[in-house]
Amino acid sequence: MRAFIPNQHGAWAMLIVPFLFGVFASAPVIFHLPLFLGWLLLYLFTFPLLQLIRTGKKDRYKKPLMLYGVLLAPLAGALLLAKPGLSWYALSLLPFFLINCYYARKNQERAIANDFAAVLLFSSIVFVTYKIGGGNDWGVALSLFSLSVLYFAGTVFYVKTMIREKRNKVFYWLSVCYHIIQIAVMAWLFSPWLLLPACALLIRAIVSPRLQPSIKVVGISEIGYAVMMTATVLCLYL
């Protein structure tokens, strides 16, 4: 089952949160349901594909690729027939996916450039869900995209200080400084209400690495922070 279910917990939040931003900043419609299923299947398909590129283990990843590919292909075809404009969005994802493929081939998936490419890729779905819901103020869509990138980029820095860079003081201060800048940007460009979750994220970045919680605790707490950010943003845009 491990080959069938992605184990990158942060990616699940990036899969869902920007999608919800666009849905509720416009209006939920029925088409959002198959669109999310297609978005989910696309992620489930590309995960074993990247693992295959990284490891070369065809026997291990052939079955999940076949399963998700068979499920994805007809749904993707139906979505494109219903909304031909989605083809341009799919093409726009290709450069970011190629970056992911490059780092997978080099076995450097945890490289920060690769993480940022994933943040941009996942956050971009907000434009699609916003448009599908009837949104026509692209300033709002760009604002939500920027918030998503701003939040998840901070998560990239923070999680690295908790796991792979946990003893790297330079990276710790880089994370703290990013979160301070995050507060300044939110205060300058967005609603003052966003300062509440932003300050909580800064405290997290300062305190949590010193407490050294388990990876499981880090993962669970990140779910809580994602819910907090999502709830705040949706309250502002509903």
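What we have here is a predicted model, in which local features need pLDDT of at least 70 and side-chain atom pairs count only at pLDDT 80 or more, while totals for chains, interfaces and linings use all residues. Residues are numbered from 1 along each chain as its sequence is written, and side-chain values use heavy atoms, with hydrogens and water left out.

The chain averages a pLDDT of 92, pLDDT being the predictor's confidence in each residue, from 0 to 100. Confidence is highest in helix α6, residues 125-132, at a mean of 97, and lowest in helix α10, residues 215-237, at 88; helices here are DSSP runs (H or I, at least four residues), numbered from the N terminus.

In α6, six of the eight residues are buried, among them I125 and Y130. Buried means under 20% relative accessible area, exposed over 50%, and partly exposed in between, with a 1.4 Å probe and protein chains only.

How many salt bridges does the structure hold? There are three, a salt bridge being a side-chain nitrogen of Lys or Arg within 4 Å of a carboxyl oxygen of Asp or Glu. E109 and R54 meet in one of them, at 3.1 Å from N to O, and this pair links the loop between α4 and α5 to helix α2, 55 residues apart. E109 counts as buried because its relative accessibility is 17%, whereas R54, at 29%, is partly exposed. In another, E222 pairs with R204 at 3.0 Å, N to O, and both residues are buried.

Notes: Helices (H or I, at least four residues) and strands (E, at least two) are DSSP runs, numbered from the N terminus.
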